[in-house]
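Please examine the sequence and the structure shown below.

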Amino acid sequence: MIIFKTAAGLNNYLLNKTSYPQSTGFVPTMGALHPGHLALVEESKKEQGITVASIFINPTQFNDPLDFEKYPVTLEKDIELLERAGCDLLFLPSVAEIYPEGLGSEHQYNIGQLENLLEGFYRPGHFQGVCKVVDRLLGAVNPGHIYLGRKDYQQCSVVKKLLEITNLKTIAHVVDTVREPGGLAMSSRNMRLGASERKQALSIYRQLTMIKEQIGGQPLENLKKKAMRNLLEDGFAKVDYVEIAHPDSLLPVEKVEAGKKLVVLIAAWMNGVRLIDNMEIIP
Ligand code: AMP
């Protein structure tokens with residue numbers, strides 16, 4: 001795997017490749033890699049001629065400075081994992097490379113109501129930061145394809161919207177969530193949980209499954225309240241939301257219709273760590 005710290009170096013290299021840009025897959029990450037990230041690399045490798053990963057902890061998407069400070073950094077191990085996964089190139093830019101004009105740019109991306117719903121409501125400014133960094137990373141890599149994890153469901157919708165509003169030709173691919181045994185969605189933030197907290201955190205998956213099994217049998221409000229109560233009883237300190245939403249708009253569903261896909265989304269706090277997860281359901 002070749003590592004590039006500048007977009008110019010990366011472009012120079014890619015321009016000579018026949019797989020570039022049509023058959024080039026891009027996997028953006030913030031590092032602290034786990035099998036969830038590597039599933040994206042695998043998918044890109046299966047489908048594309050060249051796979052480029054990036055590791056960049058993007059300061060503009062952290063609404064909570066403490067979360068940014070505590071974000072795990074495991075660069076040497078990440079490089080080894082990417083090498084082993086057969087990733088071709090790694091883009092490892094500095095903050096100055098991505099934000100040469102500083103972090104305070106005024107440009108706003110019009111992503112509509114996705115901006116203030118769910119994650120957007122609880123993490124003000126988060127999706128503008130995501131748009132900023134993905135726009136710049138796509139500008140640097142210019143890939144034919146981008147690989148995203150379904151684990152960050154709303155982020156997938158935001159990136160698709162970004163591609164639409166910026167008229168970029170990059171095609172988005174969404175890869176299924178990789179889970180630990182028991183169902184906990186793999187996340188870099190799980191490293192901040194102890195063994196017993198990880199066990200307690202399995203409650204998120206249990207509530208998603210409970211809603212999947214019981215949907216249609218009782219009012220949606222009751223199901224959401226039951227899931228919230230269970231999460232709190234199982235050791236979560238706070239639940240930001242349990243929502244049953246339309247998969248495209250992410251607006252709350254009012255009525256369940258047979259055969260119409262829904263998504264259940266949960267965000268909850270375990271010992272100062274905010275976990276999110278989701279499950280698609282076809283009732
Ligand atoms: P992050 O490093 O958390 O910004 O994640 C980088 C990419 O990996 C995003 O597209 C995430 O949605 C994806 N990802 C993170 N965790 C998982 C997981 N457990 N399964 C699949 N994809 C994931």
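How many residues surround the ligand, and which are the closest? In this predicted model, 17 residues surround the ligand. The closest of these are M30, H37, D152, V178 and M186.

- H37 contributes a polar side-chain atom, which lies 2.9 Å from an oxygen atom of the ligand.
- V178 takes part through its backbone: a polar backbone atom of this residue is 2.9 Å from a nitrogen atom of the ligand.
- M186 also takes part through its backbone, with an N or O atom placed 2.8 Å from a nitrogen atom of the ligand.

**Helices α2 and α4**

- Two packed helices are described by the angle between their axes and by the distance between the axes.
- Helix α2 spans residues 35-47 and helix α4 spans residues 75-85; their axes come within 10 Å and cross at roughly 30 degrees.
- Angles under 35 degrees count as roughly parallel, and α2 and α4 are therefore roughly parallel to each other.
- The crossing of α2 and α4 is right-handed.
- On the α2 side the contact involves L38, V41 and K45, which meet L81, L82 and A85 of α4.
- Sorted by class, the contact of α2 with α4 has 5 nonpolar residues, 1 charged residue and no polar residues.

**Helices α7 and α8**

- Helix α8 covers residues 153-165; α7 and α8 pack at an angle of about 55 degrees, and their axes are 10 Å apart.
- Helices α7 and α8 are therefore oblique to each other.
- The crossing of α7 and α8 is right-handed.
- From α7, the contact is made by F127, V130, C131, V134, D135 and L138; from α8, it is made by Q154, Q155, V158, V159, L162 and L163.
- The residues in the contact of α7 with α8 comprise 9 nonpolar, 2 polar and 1 charged.

**Features of the backbone**

- Most residues other than glycine have a negative phi, and most peptide bonds are trans.
- A cis peptide bond, with omega about 0 degrees, joins Y20 and P21.
- P21 is located in the loop between α1 (7-14) and β2 (24-29).
- N142, a residue other than glycine, has a positive phi, near 50 degrees.
- N142 is found in the loop between α7 (126-141) and β5 (145-149).

Methods
Residues are numbered from 1 along each chain as its sequence is written. This is a predicted model: local features need pLDDT of at least 70, side-chain atom pairs count only at pLDDT 80 or more; totals for chains, interfaces and linings use all residues. Side-chain values use heavy atoms; hydrogens and water are left out. Axes are lines fitted to C-alpha atoms, for helices over the stretch in contact, and angles run from 0 to 180 degrees between N-to-C directions. Helices (H or I, at least four residues) and strands (E, at least two) are DSSP runs, numbered from the N terminus. Angles under 35 degrees count as roughly parallel, over 145 as roughly antiparallel, 65 to 115 as roughly perpendicular and the rest as oblique. A crossing is left-handed if the near helix is turned anticlockwise from the far one by less than a right angle, and right-handed if clockwise. Contact means heavy atoms within 4.5 Å. Ala, Val, Leu, Ile, Met, Phe, Trp, Tyr, Cys and Pro count as nonpolar, Asp, Glu, Lys and Arg as charged, and the others, Gly among them, as polar. A residue is near a molecule or strand if one of its heavy atoms lies within 4 Å of it. A polar contact is a pair of N or O atoms within 3.5 Å; within protein, one must be able to donate a hydrogen and the other to accept it, and residues adjacent in sequence count only if both atoms are side-chain atoms.
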